[in-house]
Amino acid sequence: MKKITHLGMALLLFLSCNQSPERYTQNSPEIDTVKKLIANYNAKNFDTSLYADSSQTRYNTKDNLMSPSETMEYHKQNDANYSQRSFLDEDQEFEMVITDDGETWVNCWLDWKGTVGASGKEILIPIHLTYRFVDGKIVREVGMWDPTEVVMELQSIEAMNNLSPEENKGIVNAMYQSFAKGDIPAVLEKLDARVVWNEAEGNPYADHNPYVGPDAVLNGVFARLGNDHEYFKLAKIKLHDVDDDKVLATLRYNAKRKDNGAMVDAQAAHLWTIKNGKAVAFQQYADTKQLHETTNK
């Protein structure tokens, strides 16, 4: 009889354990809610409906708790730093756990990738996000990641934005020195990824103005200069302050054409616009009458 009683108690205990809620899973409505929140972030859909009104969010801190609307405003302000950003689809991990106290939490491990708008630098950051749920709504959000690379890049950009006129002239002078040595890659490295380059009207190389980006400048200007001339030198270069971000260079072109042997000794001026330590615009002014005549001699 005792054996039967003990067996019955064991069976009841076994059944009660099996009827308890699952403590760990990788598939749940709560995980689906977090995935929707991540998709909303990637789409720049700043919807707060997945949060409870009293939800609190903190990122990389124990202080500065944010409401749902403040969290969305945080993302909007950060977006001003990036030309594009999103969580990557690859290697995403989600899990839901129920703690000993009965709290429901969803953890996720994601890779975030963004391109800094002012410099074009791509940054990849592993991020851990965790969410507490009550009645299907997010009541707490915690995010942890290493922001060092982003902070250093933004500080570098800020420093470049505050370059003095002398520092801007130094950047332009370095490009001329590289050109004189035939180090065209070094010149291109000083051009912004979206540089707008214009040759003077009447210059044969103005036929594809404006040249946008370093590759366009290389193929449309520098490569043609090399193909058309035995040599092409810049002489008597003088740099002048024009504005906070502009440098004017006055100079002469000394060159010899390959096709007809014509010699070039032409007056010229270059107006450079410098931002974040790189040239974002170039405008040439030159004795285009002489350039045209030597080309067609």
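Before you click, know that the model is predicted: local features need pLDDT of at least 70, side-chain atom pairs count only at pLDDT 80 or more, and totals for chains, interfaces and linings use all residues. Residues are numbered from 1 along each chain as its sequence is written, and side-chain values use heavy atoms, with hydrogens and water left out.

A search of the whole structure turns up 11 aromatic pairs. Rings of Phe, Tyr and Trp (its six-membered ring) pair if their centres lie within 6.5 Å; planes under 30 degrees apart are stacked, over 60 edge-to-face, and the rest tilted.

**Stop one.** Select tyrosine 82 and tryptophan 112: an edge-to-face pair, 5.2 Å centre to centre with 75° between the planes. Tyrosine 82 is in strand S3 (residues 82-87) and tryptophan 112 in strand S5 (residues 104-116), so the pair ties together parts 30 residues apart in sequence. Strands here are DSSP runs (E, at least two residues), numbered from the N terminus. Both tyrosine 82 and tryptophan 112 are buried, meaning under 20% relative accessible area with a 1.4 Å probe, protein chains only.

**Stop two.** Now pick phenylalanine 232 and tyrosine 253, a tilted pair at 5.1 Å centre to centre and 50° between the planes. Phenylalanine 232 sits in strand S10 (residues 229-243) and tyrosine 253 in strand S11 (residues 246-257), so this pair ties together parts 21 residues apart in sequence. Phenylalanine 232 counts as buried because its relative accessibility is 18%.

**Stop three.** Finish by selecting Tyr176, Phe179, Trp197, Phe222, Trp272 and Phe282, which form one aromatic cluster.

Conventions: Helix = DSSP H or I, 4+ residues; strand = E, 2+ residues; numbered from the N terminus. Buried < 20%, exposed > 50% of the residue type's maximum accessible area, 1.4 Å probe, protein only.
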